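User: I am new to this structure and would like to understand how its features get their labels. Could you walk me through them?

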Amino acid sequence: MRAREPAVLAYRFEEPAGADRGDARFLRVRGLLEEAAEAVGEWVGLARPVPVVVRSCGGEGSSYDPEEQRVEICYEEVSETRDLFRGTGRGRADEEVAAVLLETVLHETAHALVDVLALRVTGREEDFADQFAALVLLDGSAVGERRLRAAAEAWRLSARLTEDAGETDGKQAPDEHAPDHERAVNEYCYVYGSAPGRHGDLVGPDTLPAERAPGCAEEWTDVRADWLTALGPAGRDPDA
Ligand SMILES: [Zn+2]
């Protein structure tokens, strides 16, 4: 615990649009932003916190705004994520929905860190940001592993929806992110690599391909090392 240090995230909740009230309540009651701030603070110290605005985005997704140097998180994504899981026949999925939103906050925070700390990025910045989210979530606890699995599952479901909609033939809107399926596989690989003995069930053609699985422990070690190197003096290793 480093409670006396300044927070790394300075978040505020805007008044939600009527339809988003339930989603706004969900994020507040769950304390998702507090949790994100605390977890990121385990890895990095900042002289000035990153501003985070949680708001109704009216169709745009959560993002990092480099002009304003602030993270924007959208209330609507709570409902969107819930719909995604509901499509699989699962009922209430509060834990999974919260995990996906937390992962989104961490991903966007990574973009903010790359910008404000002028970090040297290993590979594509989008992948690097996903790796930061994995790094923060996989804190060695079973809860962390479940959360990253939920986030990966959301990407997998989202990829499947896109396929079903026949959008895989290049008509998909251009997006700087890796295709959803690829993001899912990467995250499955990190969960598996962080604790191979516990996630054998993830290996499969639709989740983590058997040919990639054996290399995931090393991939995971590299992810940790790359981020610690990039963060340099601003970073710290919670496990050190
Ligand atoms: Zn991104």
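**Reading the labels**

Analyst: Gladly! Counting bonded cysteines along the chain, the disulfides follow the pattern 1-2, 3-4. Please keep in mind that this is a predicted model.

User: How many disulfides does a search of the whole structure find?

Analyst: The search finds 2 disulfides.

User: What makes the link of C57 to C74 a disulfide?

Analyst: The S to S distance for C57 and C74 is 2.1 Å, and the cut-off is 2.5 Å. The pair therefore counts as a disulfide. The angle about its S-S bond is -95°, and the link of C57 and C74 is left-handed. C57 sits in the loop between β2 (50-55) and β3 (63-65), while C74 belongs to strand β4 (residues 70-74), so the bond ties together parts 17 residues apart in sequence. Both C57 and C74 are buried.

User: Why is R55 called buried?

Analyst: R55 has 17% relative accessibility, and buried means under 20%, so R55 counts as buried. R55 is found in strand β2. Leaving aside neighbours within four places in sequence, R55 is in contact with E14, E72, I73, C74, Y75 and E76. C74 in that list is the cysteine joined to C57.

User: What about L27: is it buried or exposed?

Analyst: L27 has a relative accessible area of 1%, and the limit for buried is under 20%, so L27 is buried. L27 lies in helix α1 (residues 21-30). Not counting residues up to four places away in sequence, L27 touches F13, L32, V54, Y75, V78 and L101.

User: Which residues have the most contacts inside the largest nonpolar core?

Analyst: Those are L27 and W227, in a core of 69 residues. Helix α4 (residues 94-116) gives the most to this core, with 11 residues. In soluble globular proteins, nonpolar side chains tend to be buried together.

User: Which residues does W227 touch?

Analyst: Setting aside residues up to four places away in sequence, W227 touches A110, V114, L119, F128, Q131, F132 and L135.

User: Which residues lie nearest the centre of the second largest pocket?

Analyst: A39, E42, V136, L137 and D139 lie nearest its centre, out of 19 residues in the lining. The elements giving two or more residues to that lining are α2 (32-41), α4, α5 (125-137) and α6 (142-164). The space in the second largest pocket is about 340 Å³.

User: What classes of residue make up the lining of the second largest pocket?

Analyst: The lining of the second largest pocket has 10 nonpolar, 2 polar and 7 charged residues. E42 and D139 from its centre are of the charged class, because Asp and Glu count as charged.

Notes
Residues are numbered from 1 along each chain as its sequence is written. This is a predicted model: local features need pLDDT of at least 70, side-chain atom pairs count only at pLDDT 80 or more; totals for chains, interfaces and linings use all residues. Side-chain values use heavy atoms; hydrogens and water are left out. Helices (H or I, at least four residues) and strands (E, at least two) are DSSP runs, numbered from the N terminus. Buried means under 20% relative accessible area, exposed over 50%, partly exposed in between (1.4 Å probe, protein chains only). Contact means heavy atoms within 4.5 Å. A nonpolar core is a set of buried Ala, Val, Leu, Ile, Met, Phe, Trp, Tyr and Cys residues joined through side-chain atoms within 4.5 Å. On a 1 Å grid over the protein atoms alone, a cavity is a set of points where a 1.4 Å probe fits but cannot get out, and a pocket is an open set with protein on both sides within 12 Å along at least five of seven lines; lining residues have an atom within 4 Å of a point. Grid points are joined across faces, edges and corners, and a volume is the space filled by probe spheres set on the points.
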